[in-house]
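Biologist: Before I plan around this protein, I would like to go through its side-chain contacts and its surface. Please show me the model first.

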Amino acid sequence: MDAKHVLRHLDDPHALETQEQIAFADVLLLNKCDLVSEEQLALIEGRLRELNALAPLQRCQHADVSLSPLLDLGGFDLKRAVERVPEFLETFTENPRRHADDVSSLCFTLQGELDSARFVRWISLLNISLGNSLFRM
């Protein structure tokens, strides 16, 4: 999440999508921590913990995080999801996209080896051009 903008997204009257993304996250990454005060970070983290008390939370800057704590989590638990939102599976079968009308998802599947330098450049450009409107990537 973007520390500078996440509260605005949470306080939006249509924030259900943002809240669900946080509630079901296996790890919470709070980025751009250098752009807000320590007091603001404490407030943000408190709000995040109201939605998801269990996921590890990492502060970061410039999306600089260690990948090892993020990989092979085995984190999504269908039983836990259904306990939190009993209609979870019903909603999924009725509307597989499961997003608000103004939110969409995008997934790429590539074959072959990923050029990490090119990928990082692409993600950086995406963040520069769409950063205020990205919920999670």
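Biologist: How many disulfides does the count come to?

Modeller: The model is a predicted one. A disulfide here needs a pair of cysteine sulfur atoms within 2.5 Å. For C33, the nearest cysteine sulfur is that of C60, 6.0 Å away. The count of disulfides therefore comes to 0.

Biologist: Is C60 buried or exposed?

Modeller: C60 is in no disulfide, and its nearest cysteine sulfur is that of C33. Buried means under 20% relative accessible area. C33 has 9% relative accessibility and counts as buried. C60 has 5%, so the class of C60 is buried.

Biologist: How many salt bridges does the count come to?

Modeller: One of them pairs D11 with R47. Another pairs E38 with R59, and E45 also forms a salt bridge with R59. By the rule used, the count of salt bridges comes to 4.

Biologist: Which residues do salt bridges with shared partners join into one network?

Modeller: In the salt bridge of E38 with R59, the closest N and O atoms are 2.8 Å apart; this pair links helix α3 to strand β2, residues 57-59, across 21 residues. In the salt bridge of E45 with R59, the corresponding distance is 2.6 Å. E45 is in helix α3 and R59 in strand β2, so this pair ties together parts 14 residues apart in sequence. The network formed through shared partners consists of E38, E45 and R59.

Biologist: What is the relative accessible area of R59?

Modeller: R59 forms a salt bridge with E38 and one with E45. R59 is classed as partly exposed, and its relative accessible area is 37%.

Biologist: What accessible area does the nonpolar patch on the surface have together?

Modeller: F108 is one of the patch residues and lies in the loop between α5 (88-94) and α6 (116-130). With a relative accessible area of 54%, F108 is exposed. Together with L106, L110, L114, F119, V120 and W122, F108 forms a nonpolar patch whose accessible area is about 790 Å².

Key: Residues numbered from 1 in each chain as written. Predicted model: local features only at pLDDT ≥ 70, side-chain atom pairs only at ≥ 80, totals over all residues. Heavy atoms only, no water. Salt bridge = Lys/Arg side-chain N within 4 Å of Asp/Glu carboxyl O. Helix = DSSP H or I, 4+ residues; strand = E, 2+ residues; numbered from the N terminus. Buried < 20%, exposed > 50% of the residue type's maximum accessible area, 1.4 Å probe, protein only. Patch = residues over 30% accessible without salt bridge, like charges linked within 9 Å, V, L, I, M, F, W, Y side chains within 5 Å. Areas by Shrake-Rupley, 256 points an atom, 1.4 Å probe, with all protein chains shown as cover.
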